[in-house]
Amino acid sequence: MEHSEYVDLGRFESYIHYHFQNKHLLLEALSHSSYANEKRKSRNSNERLEFLGDSVLSIVVSEFLFHKYPNLPEGELTKLRASMVCEKALFVFAKQIHLGEFLLLGKGEEHTGGRERSSILADAFEAVIAAIFLDGGMKAAKRHILRFIPEDPEEHDQPMGFHDYKTQLQEVVQKNPEEKVEYVLVSESGPDHDKAFRVEVCLNSNVIGTGIGHSKKAAEQMAAKEALSLMGYGKV
């Protein structure tokens with residue numbers, strides 16, 4: 001099935017229970033970089049919206065957990081939040097709203113399973129959050145996000161196979177308040193349907209780990225994992 005800009009936005013809106021005033025925002029949220037590149041200047045990709053959506057998602061989930069667990073220490077709140085906004089969790093959420101069916105992909109991505117790729121779906125999920133935020137404000141974005149949050153997050157296991165190395169590294173580093181961890185995207189290579197991202201994690205500007213993954217988030221996790229290993233924190 002060929003997808004075009006005539007994708008059924010109304011049907012997608014029924015899945016997310018939100019009606020857009022500005023349809024262009026939704027189209028942009030559904031436009032993967034591979035599609036935008038094929039369209040040249042006539043279409044923006046969803047990468048900028050993904051950037052904004054990531055922050056909106058984080059503040060909504062943080063506020064939810066802050067009020068839900070008034071006695072939980074910061075470290076535990078951080079772990080809970082990480083498990084709820086990681087790529088694997090967002091992939092599950094994206095599947096719940098059939099997001100893959102509505103993505104606008106380039107031909108290469110379309111023919112290599114892009115509609116089922118976790119990194120693409122997770123990024124698009126964040127882009128949709130940003131589109132709702134820009135179209136209807138924080139109240140609408142919050143209502144959308146909270147649909148996916150379980151009543152008792154502590155009772156739900158983290159996504160299978162997920163280990164939050166970034167949070168673990170942060171906990172190690174924050175024992176020294178003057179230390180600062182930063183993740184830097186060094187390079188990205190490969191075709192749109194099979195990107196490889198290389199990220200360095202720096203401690204006070206010194207590189208302490210490098211990671212490669214099919215998404216920036218995955219590469220950051222791998223960089224944190226290497227840093228922990230090199231710092232002698234056992235098998236991580």
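## Salt bridges in the model

A salt bridge here is a side-chain nitrogen of Lys or Arg within 4 Å of a carboxyl oxygen of Asp or Glu. By that rule, E220 and K166 form one, with N and O 2.7 Å apart. E220 sits in helix α11 and K166 in helix α10 (residues 165–173), so the bridge ties together parts 54 residues apart in sequence. The model is predicted. It holds 12 salt bridges.

E220 has a relative accessible area of 18%; because buried means under 20%, E220 counts as buried. K166 is partly exposed, at 27%.

D54 is partly exposed, with a relative accessible area of 33%. K217 is partly exposed too, at 24%.

## A bridge within one helix

E76 and K79 meet through their side chains in a salt bridge, 3.8 Å from N to O. Both lie in helix α5 (residues 74–85). They are 3 residues apart, so about one helical turn separates them. E76 is partly exposed, with a relative accessible area of 36%. K79 is also partly exposed, at 35%.

## A network

Some charged residues join in a group. D8, R11 and E101 are linked in a network of salt bridges.

## Nonpolar cores

The largest nonpolar core has 50 residues. Which residues have the most contacts inside it? They are F12, L30, L99 and F125. Several helices each supply at least two residues of this core: α1 (9–16), α2 (23–30), α4, α5, α6 (87–96), α7 (99–102) and α9 (118–146). Helix α9 gives the most, with 14 residues.

L99 shows how the packing runs across the sequence. Leaving aside neighbours within four places in sequence, L99 is in contact with F12, L30, A94, L121, A124, F125 and V128.

Methods
Residues numbered from 1 in each chain as written. Predicted model: local features only at pLDDT ≥ 70, side-chain atom pairs only at ≥ 80, totals over all residues. Heavy atoms only, no water. Buried < 20%, exposed > 50% of the residue type's maximum accessible area, 1.4 Å probe, protein only. Helix = DSSP H or I, 4+ residues; strand = E, 2+ residues; numbered from the N terminus. Core = buried A, V, L, I, M, F, W, Y, C linked by side-chain atoms within 4.5 Å. Contact = heavy atoms within 4.5 Å.
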